Amino acid sequence: MGRRCGWMFAGLLRRASVTSAHTRLRAMAQASSTSPAGGIRTDKLDLGAASGRDGVVLLACGSFNPPHKVHVRMLELAGDALSRSGVQVLGAYMSPVSSRYEKKGLVDAKHRVAMCEAAVRDSALVMVDDWEATQPQWSRTVDVLESVRSRIREAVGGAPVRVMIVCGSDLIESFTVPNLWSEEHMLSLVVENGIVCISRPGYDGRRTLEGIDSLRDRQGDWRILFVENDVLADLSSTKLREALASGDPIEDLVPEGVEA
């Protein structure tokens, strides 16, 4: 089973056996539990705890091109870390980016949603939200967060729910890229909503945030949990694609079920 995990993505990238692969992908997408029209999946959401004062939902945005073990594991690590600190974690979502996102080699959103569904199938915490993937344009992280929060609040009868972004410290580094993040959006994520930052080699999320004037001035208000992680810490979708292009095996790096 595991050896077949990379074949779906490899076939899509190389455009080999396209008709057969797409037929199987369509079947997988139809069988998966994507978000209901206008709503959001709640099958793994702890609805009984949704009225709790500290209820938090976790959200990871990304291309997931393809999804790998770290994508799922980082949400579970974030959930564990928050639970140990006394926060009630209600559930977690992976949100694949729209096909309109201009990134070389990006597989169509419907296929990435299907792969993400397969990747989280055995997780008791993580679900897939396809709202961002179905948008006709690229969506900012803050907009995705607000959409998730609005739909969850509606699903739980209006109870207050906070949505925290889960990301690697490499994404925090992108806060320093000129014109990529507005000050308003950075403050929204760091101060108003919160981030669980999973460490990645070569990146210091805390130091990066302390180097941004508008965030350093509000450091006492940060809602950030830094989580050290040494499990598959140097794995990335880019490295998976490079391994596939070189013909190297990736079955130990991709969740079972991410297959054609």
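Leaving out residues up to four places away in sequence, Cys167 touches Ile172, Ile195, Val196, Cys197 and Ile198, where contact means heavy atoms within 4.5 Å. This comes from a predicted model, in which local features need pLDDT of at least 70, side-chain atom pairs count only at pLDDT 80 or more, and totals for chains, interfaces and linings use all residues. Residues are numbered from 1 along each chain as its sequence is written, and side-chain values use heavy atoms, with hydrogens and water left out.

Cys167 belongs to strand β4 (residues 162-168); strands (E, at least two residues) and helices (H or I, at least four) are DSSP runs, numbered from the N terminus. With a relative accessible area of 4%, Cys167 is buried, a label given under 20% relative accessible area, with exposed meaning over 50% and partly exposed in between (1.4 Å probe, protein chains only). Cys61 lies 106 residues away from Cys167 along the chain, and the C-alpha atoms of the two are separated by 8.0 Å.

Turning to the chain as a whole, there are 10 helices and six strands. Of its 260 residues, 53% count as buried. Among contacts with a separation of 6 or more, 78% come from residues 24 or more positions apart. The accessible surface is about 12600 Å², with 46% of it belonging to carbon and sulfur atoms; these areas come from the Shrake-Rupley method with a 1.4 Å probe, and for residues only the protein chains shown count as cover.

Helix α4 (residues 109-119) is largely enclosed by the rest of the structure, because 10 of its 11 residues are buried. Helix α3 (residues 69-84) has 16 residues and spans 22 Å from first to last C-alpha, close to the 22 Å expected at 1.5 Å a residue, the expected span being 1.5 Å times one less than the number of residues. Buried positions in α3 include Val70, Met74, Leu77 and Leu82. Just after α3, Gly86 takes a positive phi of about 95°.

Finally, Arg149 sits in helix α5 (residues 141-155). Its side chain makes a polar contact of 2.9 Å with the side chain of Asn193; a polar contact is a pair of N or O atoms within 3.5 Å, where within protein one must be able to donate a hydrogen and the other to accept it, and residues adjacent in sequence count only if both atoms are side-chain atoms. Setting aside neighbours within four places in sequence, Arg149 is in contact with Val161, Val163 and Asn193.
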